[in-house]
Amino acid sequence: FGPLITSWTHVLCTWVQLVISGPNNTRFAPEHIAYGVALLDAALFWLSAPQKSFWLPERALIIGATIVWIVQMIHSSTAGQISAWTHVKRKLEGDELAVLCAHFQAACDDYAPQYNFSAAVEEAYEVMNPDLEAAFDLFQSQLREKGKECNLQRLYHGSRRANLQSIVKHGFSLPRTPGMFGKGIYFAPCPLKSLQYARGEGMMLLCDVELGNTLPSTAAQNSLDPKSDFKRNFVMGWFGKRSYDSLTAVHGRGGCVRVPEMVVYRPEQARPKYILKVKQLKRSRPAG
């Protein structure tokens with residue numbers, strides 16, 4: 001009964017994993033393939049095993065897991081459509097799409113010499129999340145109450161498709177591990193920079209980002225702590241400077257990056273406005 005128990009346990013674990021995983025956001029994800037292999041393995045054992053070992057529990061588990069898997073595949077194929085995401089208002093078309101594409105192309109052209117590829121927008125969707133809008137507006141109001149000027153910029157943020165869907169639904173969250181400038185949320189004015197973080201899935205967000213008083217940085221600071229490093233010190237107070245609200249990585253000669261990066265450390269400083277489906281284009285050599 002050893003192989004039978006092993007197969008039975010395999011199917012049970014697969015079924016539980018399917019039930020608790022929820023619909024995946026990417027069609028034909030690796031998890032689905034793993035589940036299918038597990039089911040196939042159990043089914044082959046069931047067919048090859050002696051008739052006397054056809055336990056009813058094993059039959060029920062294989063059939064149940066297969067049904068759940070099929071439902072998951074069907075659900076993921078529809079849930080993967082961007083228009084079905086929570087807080088996606090509509091798909092851009094016509095003149096609105098043309099204006100956004102022109103903005104995207106201009107942003108690519110500004111830093112084209114730094115890359116050996118280009119990109120173009122295939123689809124764009126407007127986002128409207130009332131909770132994120134309210135949190136963003138409140139942050140700007142708090143800046144004004146402190147006597148600071150707002151410094152709103154439209155910036156790009158690339159990531160995996162599932163991550164972007166979560167951001168649109170729940171907002172940004174701070175990472176667990178630090179990046180080049182600590183545990184912040186990273187943006188770029190150049191879509192080509194953001195595309196490199198899309199993990200080959202060609203997805204990014206165009207966001208409103210409130211930088212406030214931004215700290216220019218010419219060197220990496222992966223241990224940066226905004227609670228202490230952004231505070232106004234004696235020298236800043238002497239010159240009438242206020243505490244910082246974000247960090248801007250300086251690019252070019254004397255800088256630390258080849259394309260500017262902007263980092264915020266509070267999720268309410270950014271709100272997604274558009275979801276972009278982008279196609280990477282080949283370029284034989286850097287422009288310029």
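## A charge over a ring

A charge is taken to sit over a ring if NZ of Lys or CZ of Arg is within 6 Å of the ring centre and within 35 degrees of the ring normal. The charged end of R258 meets this description over Y115, at 4.4 Å from the centre of the ring.

## Basis of the model

The model is predicted: local features need pLDDT of at least 70 and side-chain atom pairs pLDDT 80 or more, whereas totals for chains, interfaces and linings use all residues. Residues are numbered from 1 along each chain as its sequence is written, and side-chain values use heavy atoms, with hydrogens and water left out.

N129 is located in the loop between β2 (117-127) and α5 (130-145); helices (H or I, at least four residues) and strands (E, at least two) are DSSP runs, numbered from the N terminus. N129 is buried at 3% relative accessible area, where buried means under 20% (1.4 Å probe, protein chains only).

A polar atom of the N129 side chain lies 3.1 Å from the backbone nitrogen of D131, and one lies 2.9 Å from the backbone oxygen of V168.

## Aromatic pairs

The whole structure contains 5 aromatic pairs (Phe, Tyr or six-membered Trp rings with centres within 6.5 Å; planes under 30 degrees apart are stacked, over 60 edge-to-face, the rest tilted). F104 and Y156 form an edge-to-face pair, with ring centres 5.9 Å apart and planes at 85°. Because F104 belongs to helix α4 (residues 94-110) and Y156 to strand β3 (residues 152-158), this pair ties together parts 52 residues apart in sequence.

Definitions and conventions. Buried < 20%, exposed > 50% of the residue type's maximum accessible area, 1.4 Å probe, protein only. Polar contact = N/O pair within 3.5 Å; in protein donor to acceptor, adjacent residues only side chain to side chain.
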